[in-house]
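Visitor: I am new to this structure, and I would like to learn how its descriptions are reached. Could you show it to me and take my questions one by one?

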Amino acid sequence: MQLLDIGTYFTSEQAHLARPAVGSELSDDAVRALHTYPNDLDRPWIRTNFVASLDGSVSADGASAGLGTPADARLFGILRELCDAVLVGAGTVRAENYGGVSLSTEAKARRVASGLAPVPTIVVVTASGSIDANSRLLTDTDVLPVVVTSAAADGSQVAALRSAGATVITVTGESVSTGDIVATLTDLGFLRILCEGGPGLFGQLVADGAADDLCLTISPMLVAGTAGRIAHSAGASEAPMHRAHVLGDSDGTLLTRWVRQP
Ligand SMILES: NC(=O)c1ccc[n+]([C@@H]2O[C@H](COP(=O)([O-])OP(=O)(O)OC[C@H]3O[C@@H](n4cnc5c(N)ncnc54)[C@H](OP(=O)(O)O)[C@@H]3O)[C@@H](O)[C@H]2O)c1
């Protein structure tokens with residue numbers, strides 16, 4: 001894998017960074033530097049990471065793994081290393097059989113040296129509370145998850161999740177609003193957020209103007225089929241973004257980063 005910078009366009013938060021030469025091969029340190037969160041955050045900064053096919057599909061055979069490439073896997077790990085919390089919808093947790101974040105000893109040490117917890121916490125959003133308390137999310141993890149759920153959640157599911165060690169936060173409405181999500185993350189002290197989708201949760205964030213930063217991997221394949229795209233919501237909305245960078249791998253993968261216009 002030869003990850004090349006084929007166009008870097010610095011945001012004001014990155015202006016202090018040394019600019020890699022266009023066409024130069026990037027080290028992990030350089031990729032990390034290109035994805036630094038803004039300094040001095042006073043609210044959660046919500047970055048979302050997706051991989052999509054050339055024809056815009058978010059999955060192949062029901063999961064995103066079929067779209068993955070070595071460069072996408074490398075970025076996926078680096079983005080997890082940089083965040084306080086991974087925010088994810090319950091549909092993705094169920095479809096992808098989520099476990100906790102797993103990081104190398106070196107990655108944990110880098111996090112601690114920069115003032116982060118050794119491992120980020122997974123924060124799951126679910127209206128129904130339908131998360132299996134025996135699933136990998138609770139059994140294969142260093143850090144127990146936070147589950148943000150609604151007043152309509154199934155009481156026995158909530159009780160089972162609590163007994164399994166999850167922190168369950170129940171909001172007053174029948175769904176979890178973007179305001180609820182932001183307030184929960186703020187209360188927990190999580191400001192560097194990595195949203196891993198899926199399209200339902202991301203669609204809500206886009207519609208509510210809360211998608212600050214999008215890392216979109218374009219996988220060099222066509223898949224057709226019936227899968228949806230990276231965001232869906234009841235109504236359409238426009239959120240102009242500016243391009244932060246485009247990285248390319250020799251297999252054709254493009255790693256793109258887009259930041260919301262102020
Ligand atoms: N290509 C990629 O990078 C990528 C990334 C992520 C996911 N995916 C794919 O996307 C598909 C899943 O799509 P999806 O739209 O179902 O994903 P999703 O957004 O993760 O899940 C939707 C579900 O999450 C819960 N949820 C989301 N937002 C909520 C809110 N504001 N309030 C309350 N509950 C909320 C609800 O769960 P309850 O039903 O429990 O109430 C809802 O049914 C899978 O095929 C997955 O592989 C692809």
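Guide: Let us begin with a term: a residue is buried when its relative accessible area is under 20%, exposed when it is over 50%, and partly exposed in between, with a 1.4 Å probe and protein chains only. By that rule, 47% of the 262 residues of the protein chain count as buried. This is a predicted model, in which local features need pLDDT of at least 70 and side-chain atom pairs count only at pLDDT 80 or more, while totals for chains, interfaces and linings use all residues. Residues are numbered from 1 along each chain as its sequence is written, and side-chain values use heavy atoms, with hydrogens and water left out.

Visitor: Why does Asp-40 count as exposed?

Guide: Asp-40 has 77% relative accessibility, and therefore counts as exposed, the cut-off being over 50%. Asp-40 lies in the loop between helix H1 (28–34) and strand S2 (45–53), and its phi is near 55 degrees, a positive value in a residue other than glycine.

Visitor: Why does Gly-179 count as partly exposed?

Guide: The relative accessibility of Gly-179 is 47%, so this residue counts as partly exposed. Gly-179 is found in helix H7 (residues 178–187), where a helix is a DSSP run of H or I with at least four residues, a strand is a run of E with at least two, and both are numbered from the N terminus.

Visitor: What makes Asn-97 partly exposed?

Guide: Asn-97 counts as partly exposed because its relative accessibility is 42%. Asn-97 lies in the loop between helix H3 (90–96) and helix H4 (105–113), and its phi, near 50 degrees, is positive in a residue other than glycine.

Visitor: How do you know that the radius of gyration agrees with a compact globule?

Guide: The radius is taken over C-alpha atoms, and the globule rule is 2.2 Å times the number of residues to the power 0.38. With 262 residues, a compact globule would have a radius near 18 Å, and the protein chain has 18 Å, so the two agree.

Visitor: Which residues touch the most other members of the largest nonpolar core?

Guide: A nonpolar core is a set of buried Ala, Val, Leu, Ile, Met, Phe, Trp, Tyr and Cys residues joined through side-chain atoms within 4.5 Å. The largest has 39 residues, of which Val-93, Ile-122, Val-124, Ile-131, Leu-137 and Leu-161 touch the most other members. Helix H2 (residues 70–82) gives the most to this core, with five residues.
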